[in-house]
Amino acid sequence: MVVPALGVKAEAALRERLGFRLVWLISSARLRLSAASTLHSLPPSGLEAALHYTVVIRPPAHVGTSVAPILRRLREISPHHHYYPTDSMHVTMGGVGQFLHDGVDAAACLAELRSVIGPYQSFDLTVRGLNVSPSTVFAEVIPHGGTLRALRADLRRIGPRTGGPSGFGDYVRYLLPHMNLVRFSGRVTEDFLEEVSRSRLAWFERWTVSEVELIRTDTLLSRESRQVLARIPLAPIHQST
């Protein structure tokens, strides 16, 4: 467990801010250019599509409540998209499918995950302005301190993805902390993107992360496919006296 020093954390935070800005400029431009010609489709869902082993952070209910008014406005404009219900909202820590898969010693793998994750202390996250990837609307997630970045780096080391990020959507998915709110289905219209842009600088809620979940799920984290395999608590923050 190595939490980055202050200067390294500031540099990483700056890269994330610039990364989010770059993602908005590129993804929104591409979506506008392709609005008339591109039909988006949802990924497979359900038990047969529950092929992903992932470590996630589940936000408390008040975080979902804070984004609900914006989602209602987006749904009024484009009801055909998939809107994540509150109990499916999450922040992805990392996929561990290369590490934990059918046929391995699940108990030993889980013990190793606990040994990697458990020593980290609880940390705070803030959900802020909306952004878009090629297939989603997401809320940007701002970590306070370096714990989230260090944890994600450790998970990449024990469960690396073959070939690394392969496209712009993968850059968002694996390198920028975020919480998906909408997945595109059908056409993405100009008025929909305009409504998203009005919430680019919105600030929602902050909370303390005290545990993470290891789940098996489909891409949408649908209720029928989602199976919580373990809840791994983080170490409490020791208050100085």
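These are my notebook entries on a predicted model, looked up one spot at a time.

**Ground rules**

I number residues from 1 along each chain as its sequence is written, and I leave hydrogens and water out, using heavy atoms for side-chain values. Since this is a predicted model, local features need pLDDT of at least 70 and side-chain atom pairs count only at pLDDT 80 or more, while totals for chains, interfaces and linings use all residues.

**Entry: the whole chain**

I started with the overall make-up and found six helices and nine strands. Helices (H or I, at least four residues) and strands (E, at least two) are DSSP runs, numbered from the N terminus. Of the 241 residues in the chain, 49% are buried. Buried means under 20% relative accessible area, exposed means over 50%, and partly exposed is in between (1.4 Å probe, protein chains only). Then I looked at contacts, meaning heavy atoms within 4.5 Å. Among contacts with a separation of 6 or more, 82% join residues 24 or more positions apart.

**Entry: His81 and His82**

I looked up His81 next, in the loop between helix H2 (61-77) and strand S2 (82-83). Is His81 buried or exposed? His81 counts as buried because its relative accessibility is 5%. A polar atom of its side chain lies 3.0 Å from the backbone nitrogen of Ser185. Leaving aside neighbours within four places in sequence, I found His81 in contact with residues including Phe184, Ser185, Val188 and Phe192.

His82 belongs to strand S2. Not counting residues up to four places away in sequence, His82 touches Leu42, Leu181, Val182, Arg183 and Leu220. I noted that His82 and Leu220 are 138 residues apart in sequence, yet their C-alpha atoms are 8.9 Å apart in space.

**Entry: strand S6 and its partners**

How many of the residues of strand S6 (residues 178-183) are buried? I found six of its six residues buried, so to speak a mostly covered strand. S2 and S6 pair in the antiparallel sense over two bridges; two strands pair if DSSP finds at least two bridges between them. In this pairing, His82 stands opposite Arg183 in S6. Strand S5 (residues 136-144) also pairs with S6 in the antiparallel sense, over five bridges. There, Phe138 has Asn180 of S6 as its bridge partner.

In helix H6 (residues 190-197), I found Phe192, Leu193, Glu195 and Val196 buried. Seen down the axis of H6, these buried residues fall within an arc of 155°, so they line one face of the helix. The arc is that of the directions from the helix axis to the C-beta atoms.

Two packed helices are described by the angle between their axes and the distance between the axes. For H2 and H6 I read an angle of about 170°, with the axes 9 Å apart. Axes are lines fitted to C-alpha atoms, for helices over the stretch in contact, and angles run from 0 to 180 degrees between N-to-C directions. H2 and H6 are therefore roughly antiparallel to each other. Angles over 145 degrees count that way, those under 35 as roughly parallel, 65 to 115 as roughly perpendicular and the rest as oblique. The contact is made by Arg73, Leu74 and Ile77 of H2 with Asp191, Phe192, Glu195 and Val196 of H6.

Arg200 sits in the loop between H6 and S7. At 11% relative accessibility, Arg200 counts as buried. Which side chain makes a polar contact with the side chain of Arg200? It is the side chain of Glu140, at 2.8 Å. A polar contact is a pair of N or O atoms within 3.5 Å; within protein, one must be able to donate a hydrogen and the other to accept it, and residues adjacent in sequence count only if both atoms are side-chain atoms.

Phe204 is in strand S7 (residues 203-209). With a relative accessible area of 15%, Phe204 is buried. Residues touched by Phe204, beyond those up to four places away in sequence, include Ser66, Val67 and Ile70.

**Entry: Leu221**

Most residues other than glycine have a negative phi. Leu221 is in the loop between strand S8 (211-217) and strand S9 (227-233), and at 3% relative accessibility it counts as buried.
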